[in-house]
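This report goes through selected features of the structure shown below. Please keep the structure in view while reading.

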Amino acid sequence: MTSLFGENDLWGPLDPTKDAGYGEDRPKRKGFFTDTSICIGCKACEVACKEWNDVPADHFDMLGSSYDNSHSLNANQWRHVAFIEQPTRAEPRQTVDLGMPVRAPSRPPEEEPGEDAEKPDFRWLMSSDVCKHCTHAACLDVCPTGSLFRSEFGTVVVQDDICNGCGYCVAACPYGVIERRRAPEGDKNVGIAQKCTLCYDRLGAGMTPACAQACPTQSIQFGDVDELRERADARVAELHEAGIMDARLYGNDPDDGIGGAGAFFLLLDEPEVYGLPPDPVVTTHDLSRMFHRATTAAAFMLAGAVVSFLGRRR
Amino acid sequence: MAEAHPVGFQWVMEAKARGAKVIHVDPRFTRTSALADSYVPIRAGSDIAFLGGIVNYVLANELDFREYVVNYTNAATLVSEDFQDTDDLDGLFSGYDPETRTYDPTSWQYAGAESEGDEEQDHEMQRETASALQHESHGSGVEAHPPRDETLQDPRCVYQILKRHYARYTPEMVARTCGVSEEQFLEVCQAWTENSTPDRTTALVYSVGWTQHSVGVQYIRTGAILQLLLGNMGRPGGGVMALRGHASIQGSTDIPTLFNLLPGYLPMPNAKDHQSLEQWIEAISQPGSKGFWANASAYAINLLKAYFGEAATSENDFCFDYLPKITGDHGTYSTVLDMIDGKVKGYFLLGQNPAVGSAHGRAQRLGMANLDWLVVRDLFEIESATFWKSSPEVATGEIVPEECRTEVFLLPAASHVEKEGTFTQTQRMLQWRQKAVDPPGDCRSELWFFYHLGRMVKERYADSTDARDVPVQQLAWDYPTHGPHREPSAEAVLKEINGYEVESGRPLSAFTEMKADGSTLGGCWIYTGVFKDGVNQAARRKPAREQSLVAPEWGWAWPANRRLLYNRASADPDGKPWSERKAYVWWDEATGEWTGLDVPDFEKTKPPSYEPPEDADGVAALAGNDPFIMQGDGKGALYVPRGLIDGPMPTHYEPGESPFGNPLYAQQANPTSKVYLRPDNPMNPSPPQHSDVYPYVFTTSRLTEHHTAGGMSRFVARLAELQPEMFIEVSPELARERGLEAGGWATIVTSRSAIEARVLVTDRLTPLKVEGRTVHQVWLPYHWGEGGLVTGDSANDLIGINLDPNVLIQESKVGTCDVRPGRRPTGPALRQLVRDYLEETQR
């Protein structure tokens, strides 16, 4: 490794707050553990988030996608509850729609519900998604203005008044979370990158983020990331013991492609089912290698040029 | 529960985390089903068949909690020889009069009490006045010492009658009637019975949609029978829990907004039968019965003292004559039909939006369009204030804005965070709310509105010499006010509700301190104690972790801060806990009193062995093992000899509108339901009539994202966007059958109206096999109207007025309809479509 970057600066386990230069008296890293196995899809998190952060509500179209009418995480949706209607195992796995033209699979021939033709067991999965507050946050790394910064709580926050709307962060986020606000017209932050701040202002006042505060079933748990990781491990073990072998954690591993998320999840199926990337990697992951290669290439070219000049002299 | 009560559902999730098994029975797969351990789809309207099947399973296999059943219920009581069951009469009980469509319950009585039928009122009048509602906390009014056979072998004992009655509710019959597989049904039976033992209890939780059936009361009764048989009543973790539809609906039953009740479940006096205070009190206390209603005179006189203050004296029967007397059905639906007929001049609507939220929306709107005046108090300009200019009837030409005679006064109301007061929730717990912010602009609290309205009415009549104005003049209406708008003190009102000594002003600490001589007054006897020691007990906020698991210092529950009613039943007949794990209230031999985690629901020093003397009545007649202290015989009622209009035991009847004939009896539907036969309230035909014009079953309910008729959610952007359009949920099978396109439009037609909705095709709805054929059920939310940020048709426009005979609640959770692709016609063509369908049924 080059000495330009510290160990694990760009990926791998890291304490992002220490790395960002906060002193020893910094608070512990804060985050969310979202346990989707007890989410009831009430959307209180979406509403509380919008209320507290004054996020516009301007999307009044029914999507027809189960009970999801807020579409996705975007500039006007910092919490998003996904609803997945899923016959268990009876039909092939659902895949994420990539927006590519496909031929609809033909349904099996009609079956009257006969004596044994019981419906397959059915699952309705609900999951409240949010910015992951990555340990290695690509959005922050690529931000040219310093609008995005690492807070003393280890979270990643946009400063509306510094962002110039360049949009580098939008392309950099491996989850597609951050986005520039496009509407409603006249909003002070139109054109500005927007996403969850983990309620930075509430944390500063010793309060719980609005979504976690509003969650009736404690599906969204807020706390110290270290402690939440332990809690998540225990919960998975408990579910496995109860025979729910599909339960798994997502984003909790400090060795994953983003160095572990500050906001991680317990899922009951593959991440793709929830519209989450299966193995996200921070877009700056290859930065040092790219730098090495580029420098090496440059060195070779330089050497080549030198050689060629040397050759000419002959 | 997760759909309509997401906050309360946290406790279900907590119980599940601690090992509870959650079973969800519902016509459609909801957010509750998603989190339940097992989900059982059921045909809407077949619940008595389902629960009756479980009762049969319990009795046929002798799985009842025998010691509990013999001692604490009326299982051993003998019933009159004259009683004939639905088995004998093909769906009817003895005593039916087809002319009046009512029962004479004389033959239903306990043996030896046949002469005591109901001599006070005729039975048609009982239905008109929803008299069974008055029994909500009264018990069924039976005599104290009926003959019993504790071996349960006598063929006339309740146990054997019940066993015979439910014998035909076999698993096969349940499957055929409800569309449930036998396997799944038996799984529920096993889970329920195995979890109901001395060591374990099972809770039955329902939401109020369960009551909205033509047999709604009997639905709940079936649940209660099952819970009694399994020993789940009066024990921690058991019970039948009604989740109320809004904040403080329990409170508005305790201090009622109902035409036939006064505070504390005192019946509204009847013009014919209650000519004097004495007659009225006797009708409540029922001399000869056991229990606490024997003290009704104190409760009634304290209420009259609270109403009329100094003017109420023993010489003038405490102004009893000033109380209005009811003469028949003054319920909300008959009132609406009377409006249409021009018999009603004015109407107050407070936080209610019947144009969207009540059954038969068209009738509601046509009624409101035929008043002299209408006062609407709400947070937003709801449809019940705009019906004259923008309702569907304006489009059809039935209401012409320029000609509509109703003068509408829309007054802005303060929201619950802008005023103080109490909410009473489903556990009968009062919780005080502080005011968070001042209401904006001209918004005012209901308390402010009524206090000042009353004050001004009194001022208007102050100088009148007309005798009929004396009640208004003498009404006690003196409350301290504060602030620039003269807001009355809500605590002063609560103190009056609690009651106090007239002389000293000392607040009463228990309803047992109430006197029948006028020396005390109190507005609602069951609430006495909420202001004990002059302290607002409802405002207590001691966190759960700082007190016992019963948490008696959070808020205050009526009666007497008791958290679990009839908790004497949590101990065995000897007063010992049924098990260590379920210990709750028990008899302490050493101190000679009842003690435990909760306030014992029993006389504190009456030992378990106590046997009352033969001639005792009232409280003194309760034996040491009579836990159901409000019942006339102290026992939980498996069988109800008196007090119900439609029979002593629940029986499966088909809903008023059904595509099926009754699989169990020749009697198709509830023979006593309250019907309003008029051209503007047609019903869809059921078998044996031609029923396939409306071949599908529909049910309606709420979404988490909206609140009832939408007045508090459709006008708020952050809520409105979560469910922005009216939709219908259909199974993929029905979508194929009817050519419905996902995301497209469908039109839903009944004999009342046709509405349109976006189509949501989902596996959460599943066709069921009933009586050998497939039936499709569809589901509709009912939150939309033409106002607000998101608009749509109202599902309640589809529903007709057909009422449960006991409490006059509408059958709005099941009906039949047709579903067709595409949008509905507009203007007069809409009515034509509805007429065409109706004509088709007559072909």
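## Domains of chain B

Domain bounds here come from an automatic or database domain assignment. The model itself is predicted.

For chain B, the assignment gives two entries: domain 1, made of 251-326 + 498-527, and domain 2, covering 674-841. Between the C-alpha centres of domain 1 of chain B and domain 2 of chain B the distance is 44 Å.

## Contact between the chains

Chain A puts 28 residues into the contact, and chain B puts in 37 residues. On the side of chain A that touches chain B, three elements of chain A each supply at least two residues: α2 (44-53), β2 (79-87) and β3 (122-130). The most comes from α2(A), with four residues.

Sorted by class, this side of chain A holds 14 nonpolar, nine charged and five polar residues.

## A sheet in chain A

Chain A has an open sheet of four strands, in the order β8-β1-β10-β9, with mixed pairing. Because β8 (220-224) and β9 (248-250) of chain A each have a single partner strand, they stand at the edges, and one side of each is left without a neighbour in the sheet. From one strand to the next, the twist averages 25°.

Within this sheet, strand β1 of chain A, residues 30-35, pairs with β8(A) over five bridges in the antiparallel sense. In this pairing, I220(A) of β8(A) has T34(A) opposite.

Helix α7 of chain A, residues 225-241, packs on the sheet and touches β1, β8, β9 and β10 (263-267) of chain A. The directions of α7(A) and β8(A) make an angle of about 135°.

## Paired strands in chain B

Strands of a sheet pair through backbone hydrogen bonds, either parallel or antiparallel. In chain B, strand β12 (residues 421-424) and strand β13 (residues 429-433) run antiparallel and are joined by four bridges. G421(B) has R433(B) in β13(B) as its bridge partner.

How many residues lie between β12(B) and β13(B) in the hairpin they form? There are four residues between the two strands, and R428(B) in the turn has a positive phi of about 65°.

β13(B) also pairs with strand β18 of chain B, residues 556-557; these two run antiparallel and are joined by two bridges. Here M429(B) is opposite A557(B) of β18(B).

Note on methods: Residues are numbered from 1 along each chain as its sequence is written. Chains are lettered from A and ligands numbered from 1 in the order in which they are written. This is a predicted model: local features need pLDDT of at least 70, side-chain atom pairs count only at pLDDT 80 or more; totals for chains, interfaces and linings use all residues. Two residues are in contact if their C-beta atoms, placed from the backbone, lie within 7 Å. Ala, Val, Leu, Ile, Met, Phe, Trp, Tyr, Cys and Pro count as nonpolar, Asp, Glu, Lys and Arg as charged, and the others, Gly among them, as polar. Two strands pair if DSSP finds at least two bridges between them. Axes are lines fitted to C-alpha atoms, for helices over the stretch in contact, and angles run from 0 to 180 degrees between N-to-C directions.
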